[in-house]
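Student: I have a protein model open and would like to learn how to read it. Could we go through some features together?

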Amino acid sequence: MSDVKARTVFVPSHRKRSELDERMVEMGLRPTLQRKIVLGALLEKLDHPTADEIFLRAKRAKPNISMATVYNCLDALQKSDLVKQVNMDRSATRYCPNMHEHAHFKCEECGEVTDFDGTANPESTDITVPPGYKVRHVEMSIRGLCADCSKNSS
Ligand SMILES: [Zn+2]
Ligand SMILES: [Zn+2]
């Protein structure tokens, strides 16, 4: 775990609509208004929202959007590698628009999930796999206390 740099990957909070368009077109996805709203809701704040939270944000942009539409959009965005699912513990699936390799740090106190640069390198992990198996991806999730919570607990 020593190769994890404690640096948050910041994504600018305000993104232009045209930038969302570009991202989608680049990934071969038709940039519909609904998809833009859902992707925009995810990029608005890099806090790994659940589908419910994305729905509430999307509703602010488009009050008549349905939960089913949000799920459909998330599905399309995932298939086009614009968004990925993050599953931590048994809590609801969260979504992350940061497609760079990164580790997730979950605060056990407030539940905040933060992106950290770096991940375990499949070639150099200590994980021993049986002969014939090949590790291709290692997903790392770290748990502990965020800066605010560790301040408050000391
Ligand atoms: Zn993430
Ligand atoms: Zn916290």
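Student: Is His 48 buried or exposed?

Tutor: We count neighbours: a residue is buried if 20 or more other C-beta atoms lie within 10 Å of its own, exposed if 12 or fewer, and partly exposed in between, with C-beta atoms placed from the backbone. His 48 has 23 other C-beta atoms within 10 Å, so it is buried. Keep in mind that this is a predicted model, where local features need pLDDT of at least 70, side-chain atom pairs count only at pLDDT 80 or more, and totals for chains, interfaces and linings use all residues. Residues are numbered from 1 along each chain as its sequence is written, and chains are lettered from A and ligands numbered from 1 in the order in which they are written.

Student: Where is His 48 found?

Tutor: His 48 sits in the loop between α2 and α3. Helices (H or I, at least four residues) and strands (E, at least two) are DSSP runs, numbered from the N terminus.

Student: What should I look for in the backbone there?

Tutor: Most residues other than glycine have a negative phi. His 48 is not a glycine, yet its phi is positive, about 55°. Asp 81 also has a positive phi, near 60°, and is a residue other than glycine. Asp 81 belongs to the loop between α4 and β1 (84–86). Asp 81 counts as exposed because it has 11 C-beta neighbours inside 10 Å.

Student: How many helices and strands does the protein chain have?

Tutor: There are 5 helices and 5 strands in the protein chain. Along the sequence, their pattern is α-α-α-α-β-β-β-β-β-α. Of the 154 residues in the chain, 21% are buried.

Student: How do I describe two packed helices?

Tutor: Two packed helices are described by the angle between their axes and the distance between the axes. Axes are lines fitted to C-alpha atoms, for helices over the stretch in contact, and angles run from 0 to 180 degrees between N-to-C directions. Here, the axes of α3 (residues 51–61) and α4 (residues 67–79) come within 10 Å and cross at roughly 110°. Therefore α3 and α4 are roughly perpendicular to each other (under 35 degrees is roughly parallel, over 145 roughly antiparallel, 65 to 115 roughly perpendicular, and the rest oblique).

Student: Which residues make the contact of α3 with α4?

Tutor: Two residues are in contact if their C-beta atoms, placed from the backbone, lie within 7 Å. From α3 come Ala 51, Ile 54, Phe 55 and Ala 58, and from α4 come Met 67, Val 70, Tyr 71 and Leu 74. They divide into 8 nonpolar, no polar and no charged (Ala, Val, Leu, Ile, Met, Phe, Trp, Tyr, Cys and Pro count as nonpolar, Asp, Glu, Lys and Arg as charged, and the others, Gly among them, as polar).

Student: Which residues of α3 are buried?

Tutor: Ile 54, Phe 55 and Ala 58 are buried in α3. They cover an arc of only 105° around the axis, so they are on the same side of α3; the arc is that of the directions from the helix axis to the C-beta atoms. Asp 52 and Arg 60, on the other side of α3, are exposed. The buried residues of α3 pack against α2 (33–44), α4 and β2 (94–96).

Student: At what angle do α2 and α4 pack?

Tutor: The angle is about 80°, and the axes of α2 and α4 are 9 Å apart.
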